[in-house]
Amino acid sequence: MTKKKRRKTSATKLETGAASLEIFELDEIDQACKEIEDDVIKWAMFKGEKGTESLEQRNENTSASVSKSRKENVERNSREQLGGEGSQSKKEESQDMVMKTVGVVIEHLNKFGACVIDNFLGEAKGLAILEEVLNLNKLQMFQAGQLASAQSSKKSIRSDKIAWTDGISPSLPSLKYLINTLDSIVIGANQSPNNGVLSKYSISSRTKAMVACYPGEGTHYVKHVDNPNKDGRCITAIYYLNRDWDPERDGGALKIYSACVKGVVAQVDPLFDRIIFFWSDRRNPHEVLPAFRERYAITVWYMDEKEKRDFEEKKRLIPEQEEKS
């Protein structure tokens with residue numbers, strides 16, 4: 001047999017205050033997911049009042065109480081991460097935002113398997129991120145999204161365009177802000193006491209961020225599961241950047257066929273400054289319905305350490321077994 005080369009896995013450590021996150025190239029973690037390509041992300045700071053909504057009540061604000069121990073845990077992690085510039089009041093506001101969001105994420109992931117939050121970063125920050133993403137598009141940084149199998153990489157399956165960025169070259173400080181906010185919330189939720197299903201995971205790494213553009217004209221992504229192969233991905237976070245989106249005219253909703261709540265099929269419109277967190281595995285098959293104007297989203301996947309390690313070990317054994325055969 002011809003000896004096959006095994007690809008080297010690279011990772012970068014991120015110091016987030018909450019924990020050290022390793023950033024992995026997803027195509028190195030799972031050969032079956034080639035749409036995840038290069039560039040690493042690590043980033044800083046956040047603010048803003050939050051609106052929240054569940055999958056069952058997308059148009060209602062939701063509040064969640066946070067226990068004293070959870071509050072102390074999140075505030076400590078936020079204080080460590082927010083050690084740079086800015087007034088004390090802004091830091092306290094950011095800490096409060098993270099604390100409240102952690103509570104909502106824990107509650108909704110446990111009840112519904114997903115959590116939708118509106119007005120996530122506020123209009124000013126959202127517009128700054130959108131401007132950076134539009135500049136990426138102008139620089140022709142986007143490439144056609146790929147599929148697990150090269151044989152099935154047809155536009156009838158997936159017709160978005162994607163770009164990867166480390167926020168350094170070119171410089172994307174507002175996108176850094178978004179990613180670091182997500183890091184703080186997800187790690188805070190994972191480390192909080194009384195966090196339900198999240199206690200089963202040990203999240204110490206994430207993928208790079210994927211910036212996706214659906215160019216309109218009915219572009220879409222058919223029903224699929226982010227992590228069908230147990231590659232480590234446990235939480236998917238998607239942030240939307242689409243101003244003045246009209247769901248009836250523009251389409252482009254994320255449709256989730258939830259296995260967490262019996263009989264529920266949720267439709268989440270990609271509204272500006274909205275974010276959704278959901279389980280990445282077979283509990284949440286989903287699709288992107290046809291979009292009829294440009295639709296932008298930023299996705300980050302967070303990894304469970306044990307599942308990722310088990311998956312990498314299986315991958316390591318495959319070349320050895322092939323050599324013996």
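These legends accompany several close-up views of a predicted model.

**View 1**
Let us start with helix 4, which runs over residues 123-138. Which residues of helix 4 are buried? They are Gly-126, Ile-129, Leu-130, Glu-132, Val-133 and Leu-136. Looking down the axis of helix 4, you would find these buried residues within an arc of 160 degrees, so they line one face of the helix. The face turned away from that buried side carries Ala-124, Glu-131 and Lys-138, which are exposed. The cover over the buried residues includes helix 5 (173-191), strand 8 (210-214), strand 10 (233-240) and strand 15 (295-304). After helix 4 comes Gln-140, with a positive phi near 60 degrees.

**View 1. The largest nonpolar core.**
This core has 47 residues. Those with the most contacts inside it are Phe-120, Leu-182, Ile-235, Phe-277 and Ile-298. Helix 5 supplies the largest share of the core, nine residues. A second, separate core has 15 residues, among them Val-116, Tyr-214, Ile-238 and Ala-297.

**View 2. The surroundings of Ile-235.**
What does Ile-235 touch, once its neighbours within four places in sequence are set aside? Its contacts include Leu-109, Val-186, Leu-198 and Ile-203. Also among them are Phe-277, Phe-278, Trp-279 and Ser-280, as well as Val-300, Trp-301 and Tyr-302.

Side chains of opposite charge can pair when their charged atoms come close. The structure holds 13 salt bridges, and one of them joins Arg-293 to Asp-250, with the closest N and O atoms 3.5 Å apart. This pair links distant parts of the chain, 43 residues apart: Arg-293 is in the loop between strand 14 (286-291) and strand 15, while Asp-250 is in helix 6 (residues 247-250). Arg-293 counts as partly exposed because its relative accessibility is 26%, whereas Asp-250 is buried, at 3%. Together with Arg-249, these two residues are linked in a network of salt bridges.

Glu-305 and Arg-309 meet through their side chains in a salt bridge of 3.9 Å, N to O. They are four residues apart in helix 7 (residues 305-324), so about one helical turn separates them. Glu-305 has 19% relative accessibility and so counts as buried, while Arg-309, at 45%, counts as partly exposed. Lys-306 and Asp-310 form a salt bridge too, their closest N and O atoms being 2.9 Å apart. Both lie in helix 7, again four residues apart, about one turn of the helix. Asp-310 is partly exposed, with a relative accessible area of 33%.

**View 3. Aromatic rings in pairs.**
A search of the whole structure finds three aromatic pairs. The ring centres of Phe-120 and Tyr-239 are 6.1 Å apart and the planes stand at 55 degrees, so the pair is tilted. Phe-120 lies in the loop between strand 4 (114-118) and helix 4 and Tyr-239 lies in strand 10, so this pair ties together parts 119 residues apart in sequence. Both Phe-120 and Tyr-239 are buried. For Phe-142 and Tyr-296, the centres are 6.4 Å apart and the planes are at 65 degrees, so the pair is edge-to-face. Phe-142 is in the loop between helix 4 and strand 5 (143-144), and Tyr-296 is in strand 15, 154 residues apart. Phe-142 counts as buried at 11% relative accessibility, and Tyr-296 is buried at 4%.

Terms used
Residues are numbered from 1 along each chain as its sequence is written. This is a predicted model: local features need pLDDT of at least 70, side-chain atom pairs count only at pLDDT 80 or more; totals for chains, interfaces and linings use all residues. Side-chain values use heavy atoms; hydrogens and water are left out. Helices (H or I, at least four residues) and strands (E, at least two) are DSSP runs, numbered from the N terminus. The expected span of a helix is 1.5 Å times one less than its number of residues. Buried means under 20% relative accessible area, exposed over 50%, partly exposed in between (1.4 Å probe, protein chains only). The arc is that of the directions from the helix axis to the C-beta atoms. Contact means heavy atoms within 4.5 Å. A nonpolar core is a set of buried Ala, Val, Leu, Ile, Met, Phe, Trp, Tyr and Cys residues joined through side-chain atoms within 4.5 Å. A salt bridge is a side-chain nitrogen of Lys or Arg within 4 Å of a carboxyl oxygen of Asp or Glu. Rings of Phe, Tyr and Trp (its six-membered ring) pair if their centres lie within 6.5 Å; planes under 30 degrees apart count as stacked, over 60 as edge-to-face and the rest as tilted.
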